[in-house]
Amino acid sequence: MSKKMYTRLLRLYPSRFRKQYEEEAQQLIHDRLRDETGFFNRIRLWLDLATDLITGLPQAYRNSYVEKQVASLSPNIEGVPSFKVLDTEPLRSGTILVGGTMTLCAIVIFGFVLSHPLAYGPLSGSSKKPSAIESVLENVNKATLPDTSASTTQQPAKPASQAASVNTPQPLPPPPFLPNSSNAPGSSGVAAGPQQAIPIRTQSSNKPLAYPAATAPSAGFLVSATPPQPPAQINALAQEPGTGCIAPQLQYKARTGTHSEPTVSGTSVTGACLQRHDAAVRHARRRMRRSPQR
Amino acid sequence: MPKRKLDPLPSAAFQIMLALAAGDLHGYAIMRQVEEQTGGRLRLGPGTLYGSIQALLEGNLVEEVGQPEETGTHQERRRYYRLTTAGRKQARAEAEKMADTLRVARARKILRGDYV
């Protein structure tokens, strides 16, 4: 009678506890019923069981009841590693229900997000004012880059030496040294007309070199086929003292060749930026040419 | 993150560890040993006993051992438990903590001369 009652009380415990310790618990009750005879002892026994139910039940639910097995990658006979399954019990229905519900919610949310295009917004934590790199990237994406050389392509071609002497650093004029593809020595060919070209100084010839927009390599050149309207932000960056033209992914190193000549490096090949640096190089060369005469 | 069920060590778990410090015991013997060493103040029921044993097993403080041969022939199949090295260290640390508390209680003259 008492054992049957306790067996029913054991149903309040978690199933894993019952699976592991039900037999032992019944054995313990059997031993106590055998040893503790008499009215008061039985009363004390049932009081103990009631207390045990109150105090032991939460602890029984706190335990995880993970069967300890050695999880190893021990090789089998053929020497191939094999895994051992730690939990041999099947998934419980509650676990399957929760997992299925969460998966369904994830699929619904994913479909909702895909069906509603999100507007572009600034990154969280960033200030309202875009950074220099962001502004340059924005202009790159617009495919409108500052290139004032388009107006120079319409001008008649001049020799490179003449052009260098005519150009002045401030204010930034269109580069007059841009050679024509037909008559400029040392150039690799310039497509005049609607295509715009960016003058680049080469290391060997120390003469300006221009690439047509269609054939210019994309890594170090920014070539635009749109009308030459320089964005204000890039011009501001280029003319800001100490800032330079900031476009790290489009950096170009223009070396003048000899170590005695000034070197401009780490600049981006945008139109205004290149003009500025060319003017600075020419100005420095002029000063160096004058200095030995003094 | 594993549950920290044994921090601080519950009284029932500590008493079970003390009972197992004398040797390997099964569940009912542990209960009797605990009742004896506490002077009858603590009688562990099945839920508390096996819940604590399970927590100690998960904490590697106690391990299950095979049934001794001299008792396995004519008795029921029982599980025997043994205190591990880590469990012994834990029990010693807990006992030292209690000893410190006892020292403070003596210094404050809370205890009478019987316990000194």
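Colleague: How many contacts beyond four places in sequence does the model have for residues 70–75 of chain A, where pLDDT stays under 50?

Modeller: This is a predicted model, in which local features need pLDDT of at least 70, side-chain atom pairs count only at pLDDT 80 or more, and totals for chains, interfaces and linings use all residues. Residues are numbered from 1 along each chain as its sequence is written, while chains are lettered from A and ligands numbered from 1 in the order in which they are written. pLDDT is the predictor's confidence in each residue, from 0 to 100, and two residues are in contact if their C-beta atoms, placed from the backbone, lie within 7 Å. For residues 70–75 of chain A, the number is 6 contacts.

Colleague: Where in chain A is confidence highest?

Modeller: Chain A has a mean pLDDT of 64, with 42% of its residues at 70 or more. Helices (H or I, at least four residues) and strands (E, at least two) are DSSP runs, numbered from the N terminus. Confidence is lowest in strand β3 (residues 251–254) of chain A, with a mean of 43, and highest, at 91, in helix α4 (residues 93–115) of chain A.

Colleague: Which element gives the largest share of the side of chain B that touches chain A?

Modeller: The contact takes 23 residues from chain A and 17 residues from chain B. On the chain B side, α2 (27–37) and α3 (46–58) each supply at least two residues. The largest share, 8 residues, comes from α3(B).

Colleague: What is the bridge partner of B:Leu25 in β3(B)?

Modeller: Strands pair if DSSP finds at least two bridges between them. β1(B) and strand β3 (residues 80–83) of chain B pair in the antiparallel sense over 2 bridges. The partner of B:Leu25 is B:Tyr81.
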